[in-house]
Structure formats: C-alpha cells, structure tokens
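Have the viewer open while you read.

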Amino acid sequence: MMKLVSYSRLALYEQCPRQFYYKYVLGHKTPDTKLLALGKAVHKALEVLANNPNVPVEEAIKQGLIECGFHSEVEPNEVRQLVENALSKKIEGVPEYHFQLPLFDVPDLPEIQGYIDRWNKDEIWDYKTNWQPYDILSNYQLALYAWAVSQITELKKIKGHLFFLRYKKIYSYVFTEKEMNLAKEWAKRLITEINFKLEILEIYPDKVDELFPYQPNRYCSSCPFILDCYKKA
C-alpha cells in the first residue's frame, strides 16, 4: 500500500498511469527537466531570502543553483529575473510550509503531504515558473493546499494565489469548504484506486499493462520512459 502521496504524484497518475508506475512503483530514477530544475532553484532562492532578508540576492541565487544541482539548462540570469519578479510583490507569511495530513478518518490509511510556498493566515501563495499561465481552477493543487490549511486553522474560506513569475501575473480565488472538499475527495479517489491496483498487481503481476496503461498526452516528448511506451505500442 502507498501510505504517503502528494498532489504531484496523484496528478502524474491521472496524466499517465504508466509513467507513475515506472517512477513511483518501480522507483526508476528520472533526470530533472529544465522546468523542474528551474523551479527548484527559484523556490530555494526565495526560501533563503524569506528566512533571512539580509542575505544578498546573489547568494540566494547561488543556493538555488546548488539546489538544482547546477542543471546544465538552468541559467543564473533566468533564475535572477524570476527571483526579482517575485520580490517585486511583498508577500508576508511562512515560507515553504510543509504539511502532512490524513485523507481518511480511519487510522493507518494514506496521508497527503505538500509544501506551500507562502502561507499567511487565511492566504496561500504558489510561485510558478511556467511559460504558460493557467486558470487557478484548472487543477486541484491549490484547492488541496487550501483544504490542508483549513484543517490546521479551522477556517471556512482560504484565499489562494498563483503567482506566474515570468509575467508578474497573479491569479486569485477564494476557496470555500465545498471546493476544498472536492479536492480532498479527488485525492481520496485516486489513492484508493492506486492502492486497489497495487493489490491486484501483487496477485497478477502480468496485468501491469492493463492496470497502469500508458496514456499519450502533450508531455510525452519530455517523458524519460517514452521509448518503453513505443515498444509496447
């Protein structure tokens, strides 16, 4: 049984069950894409600056580059620009807040964890380094994080913000209990489905193609397992 999940893990399963299987069931290591490495660098730099405002920006950027392992495609100037764009908006709150909460009322069932880029009372912020902005309600990530904060604070409404750093665009939305619970139920449904499939797989290991099929999508070109899928097509 998979006991601990995150939004990104569940989203990957929904996007392509086969890639999820390779990465999280078989444990195959995958190299960071540029976008993932860039995100690590920027988030680390902003975390360093939030925890110690006296640290020079250049030192924070260096720490960010270390965090992403000096990825060959991540340029210091790009990190610097995104960090400066983030700093153009003064945002108070706890940086990189980690939560881990049960999804079910019964003990010993799966929990969900995540990192909130900035949390301030009834507001949460998520920094994005994406090239393409998207609607805040196009996925369950922020709603799920809002649900987590509501569980910790007992607040009925949480305001979420997506900050697209390339364009200094901020998309905001106030999540209600209904929307936060929908995100929670989405997570519960997926992890229940995953664990059910894993139980079947233990009995019928030859059913992996049926249980975790590859699912063509717009991210296939950057998938490290693409050749395996072509071989099975």
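Helices here are DSSP runs of H or I with at least four residues, and they are numbered from the N terminus. Please keep in mind that the model is a predicted one.

**The chain as a whole**

Nine helices and six strands make up the secondary structure of the chain. The radius of gyration is 19 Å, close to the 17 Å that the globule rule gives for 233 residues, so the chain is as compact as a globular protein of that length. Its C-alpha trace spans about 55 × 45 × 30 Å along the principal axes. Of the 233 residues, 42% count as buried. Among contacts with a separation of 6 or more, 66% are between residues 24 or more positions apart. The chain exposes about 13,100 Å², and carbon and sulfur atoms supply 51% of that area.

**Pockets and a cavity**

The table sets out their volumes and the classes of their lining residues.

| Space | Volume | Lining by class |
|---|---|---|
| Largest pocket | about 2,300 Å³ | 20 nonpolar, 17 polar and 13 charged residues |
| Second largest pocket | about 280 Å³ | nine nonpolar, no polar and four charged residues |
| Largest cavity | about 40 Å³ | three nonpolar, one polar and four charged residues |

Which residues lie nearest the centre of the largest pocket? They are Ser-8, Leu-35, Leu-36, Lys-128 and Gln-141, out of 50 residues that line the pocket. Several elements give two or more residues to this lining: strands S1 (4-6), S3 (111-120) and S4 (123-128), together with helices H1 (7-15), H2 (17-25), H3 (34-51) and H6 (141-153).

The second largest pocket is lined by 13 residues, and the closest to its centre are Leu-49, Ala-50, Leu-87, Ile-91 and Arg-118. Helices H3 and H5 (76-87) each supply at least two residues of that lining. The largest share, three residues, comes from H3.

How many cavities of 30 Å³ or more does a search of the whole structure find? The search finds one. Its lining consists of His-43, Leu-46, Glu-47, Pro-95, Glu-96, Asp-117, Arg-118 and Tyr-127. At least two residues each come from H3, strand S2 (94-102) and S3, and H3 gives the most, with three residues.

Leaving aside residues up to four places away in sequence, Asn-195 touches Met-1, Met-2 and Pro-110.

Tyr-13 has its place in helix H1. This residue counts as buried because its relative accessibility is 3%. Beyond residues up to four places away in sequence, Tyr-13 touches Phe-20, Leu-190, Glu-193, Ile-194, Lys-197 and Phe-212. Tyr-13 and Glu-84, 71 residues apart in sequence, are 34 Å apart in space, C-alpha to C-alpha.

One of the partners of Tyr-13 is Phe-20, and Phe-20 is among the buried residues of H2, which are Pro-17, Arg-18, Gln-19, Phe-20, Tyr-21 and Tyr-22. Just after H2, Gly-27 takes a positive phi of about 75 degrees.

Gln-100 lies in strand S2. With a relative accessible area of 40%, Gln-100 is partly exposed. Where residues up to four places away in sequence are not counted, Gln-100 touches Leu-4, Glu-111, Ile-112 and Gln-113. Gln-100 and Val-5 are 95 residues apart in sequence, and their C-alpha atoms are 9.4 Å apart in space.

Technical notes: Residues are numbered from 1 along each chain as its sequence is written. This is a predicted model: local features need pLDDT of at least 70, side-chain atom pairs count only at pLDDT 80 or more; totals for chains, interfaces and linings use all residues. Side-chain values use heavy atoms; hydrogens and water are left out. On a 1 Å grid over the protein atoms alone, a cavity is a set of points where a 1.4 Å probe fits but cannot get out, and a pocket is an open set with protein on both sides within 12 Å along at least five of seven lines; lining residues have an atom within 4 Å of a point. Grid points are joined across faces, edges and corners, and a volume is the space filled by probe spheres set on the points. Ala, Val, Leu, Ile, Met, Phe, Trp, Tyr, Cys and Pro count as nonpolar, Asp, Glu, Lys and Arg as charged, and the others, Gly among them, as polar. Contact means heavy atoms within 4.5 Å. The radius of gyration is taken over C-alpha atoms; the globule rule is 2.2 Å times the number of residues to the power 0.38. Buried means under 20% relative accessible area, exposed over 50%, partly exposed in between (1.4 Å probe, protein chains only). Accessible areas come from the Shrake-Rupley method with a 1.4 Å probe; for residues, only the protein chains shown count as cover.
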